[in-house]
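Subject: Structure handover and notes

Hello,

Please find the structure below. My notes follow it.

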Amino acid sequence: MMRNSEQHLHGAVAKRRQVPENLLCNLPMDILSTILSLLPINDAIRTSILSRKLKHVWCSHSNLTFDKGTMRTTYFRPSTGYYGVLKDKEFIKKVDTVLHQHSGMGVEHMEIKFGLHSKHADHIDTWVNFAIAAKTKEFVINLSGRAKIAFFIVLSRGNKWIAKEEPYNLPSQLFSPNNGPYLRCLELTTVSLQLPSDFKGFMNLKSLTLVDVSITDEDVQCMLSKCNLLEFFEIAYCGMVTSIRMLRPLDHLKHLVVDICRKLKEIELNCSPTTLKYTGAMVPLVFASTSRLTNISVVFLTCQSALSYIVNDFPSTLPKLKSLNLLCYERERTIVPEGPLRFTYLPNLRLELIFSNYENRNTDALDYAYLLKIAPFMEILELPMWMKCRHRPYCKEDGELRVGLPHQHNYLKFVRISGFFGHKDQVELALHILRSSIMLEKMEITPKLEISNYLAMQDYFYEQKHYVDGHRVATEFVCKADHHNVVNVVSVLPSS
């Protein structure tokens, strides 16, 4: 009886093990191809051992992403808990093997992300030619092997970019007219680009990204002028670029991203984008029209008064602006003259302020009470601050708290102030916003440093010692004035 039960159990387990394979193998080939296309290329290749029917299905894989993850070594080191380091020769061999067996048809996305350079040109040229022959729609070449944020982290520490070999020079075949009809998205990182004289453009290209690319102003202008359907353009860390100019209409361009091109002096484009992201020194930003702008994010890495920029240099007509994120280093106080309303329709404002004059600070956070006047329909206000100056938490011996000019704001509902270390002018600003906002539903105050873009990374742990003072001052002076129970002071432990 026991033996029969064991046989029955063994048969049931074996049957269950067979069911998934039988179900998978019975699916039509087009469905199998679709399922495998959702897997990373390395996992798709592994399915070839499951059955004869699956042996070659992966060969029409539409998503060819080659990086340290998908081409990783297969052995595991128990002592360290990590896979072995992938060397460039091994990476190249694996990519060559995959592409040699691939059918070369139906490639939607092809990505190469690994630290390579000019000495590997023969292999990379072969991969580029494969992408062209396969009529790839999205082509990504990242020969730094890093994410874009790695460039920012290195530069924010005051260092130049890591010394590197001569960058790989893109072959002229990539810019052939034969490639034009198929390419929809092109992303290039850490390469050298020189357009051929007969470049006709990519007639259906909608997205173009250039990161750490050796390219001239003329070739940037040529790329823009001959990609008539371009909707998204990003250029970052391109050290040769001094000007981004395009006087011909760019009717389809909606999204523009410009990050830390250190020699850049001007941006002038004949377009009306909907979103703008800019990081770097203050340069003229000239567009044919700003009437379509809905989202703006600007990070100035040089000293610039945020109020002065908003009033004097910001576009005067922004009827559709929904979100503004502006980060400035504040070293000198600027008395801004009274002027017309700047943000008649703006509902969301995030203003990041770094007060960075350590010894004798003459900047004044209370000046930013002016925001309530220039954005009368604002509903959400975020004020991440970094008091990168001598620590002076407020106490009564510092004198009476100033009261800003009375102003009634009828729409503000949510306010978040972070980096609240308890300085006197921070307290005064928080109290002014609290007393002026008649529809306020919630005000969050936290001492935690929340400056974006990793700008505060180096000093993050140093500044944590001010968290206790910030919480104490906010609780003692701001909460005491809260008669509607809308203030929430967030307690943050220094070790968090």
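Asp-212 sits in the loop between strand 9 and helix 7; helices (H or I, at least four residues) and strands (E, at least two) are DSSP runs, numbered from the N terminus. Its phi is positive, about 50°, although Asp-212 is not a glycine. Asp-212 is buried, with a relative accessible area of 12% (buried means under 20% relative accessible area, exposed over 50%, partly exposed in between, with a 1.4 Å probe and protein chains only).

On provenance: this is a predicted model, in which local features need pLDDT of at least 70 and side-chain atom pairs count only at pLDDT 80 or more, while totals for chains, interfaces and linings use all residues. Residues are numbered from 1 along each chain as its sequence is written, and side-chain values use heavy atoms, with hydrogens and water left out.

Strand 9 covers residues 207-211, and five of its five residues are buried. Ser-207, Thr-209 and Val-211 point one way from the strand, whereas Leu-208 and Leu-210 point the other way.

Strand 9 runs parallel to strand 7 (residues 185-189), with five bridges joining the two; strands pair if DSSP finds at least two bridges between them. Opposite Ser-207 of strand 9 stands Cys-185. Strand 9 is also joined by five bridges to strand 10 (residues 232-236), again in parallel. There, Thr-209 has Glu-234 as its bridge partner. From strand 9 the chain passes through helix 7 (residues 217-225) to strand 10, a β-α-β crossover that is right-handed (with the strands pointing away from the viewer, the path from the first strand over the helix to the second runs clockwise).

Tyr-237 lies in the loop between strand 10 and strand 11 (243-246). Tyr-237 is another non-glycine residue with a positive phi, near 55°, and it is buried at a relative accessible area of 9%.

Helices 10 and 12

The axes of helix 10 (residues 424-436) and helix 12 (residues 467-478) come within 11 Å and cross at roughly 40°. Axes are lines fitted to C-alpha atoms, for helices over the stretch in contact, and angles run from 0 to 180 degrees between N-to-C directions. Helix 10 is therefore oblique to helix 12 (under 35 degrees counts as roughly parallel, over 145 as roughly antiparallel, 65 to 115 as roughly perpendicular, and the rest as oblique).

In contact (heavy atoms within 4.5 Å) are Val-427, Ala-430, Leu-431 and Leu-434 of helix 10 with Val-473, Phe-477 and Val-478 of helix 12.

Regards
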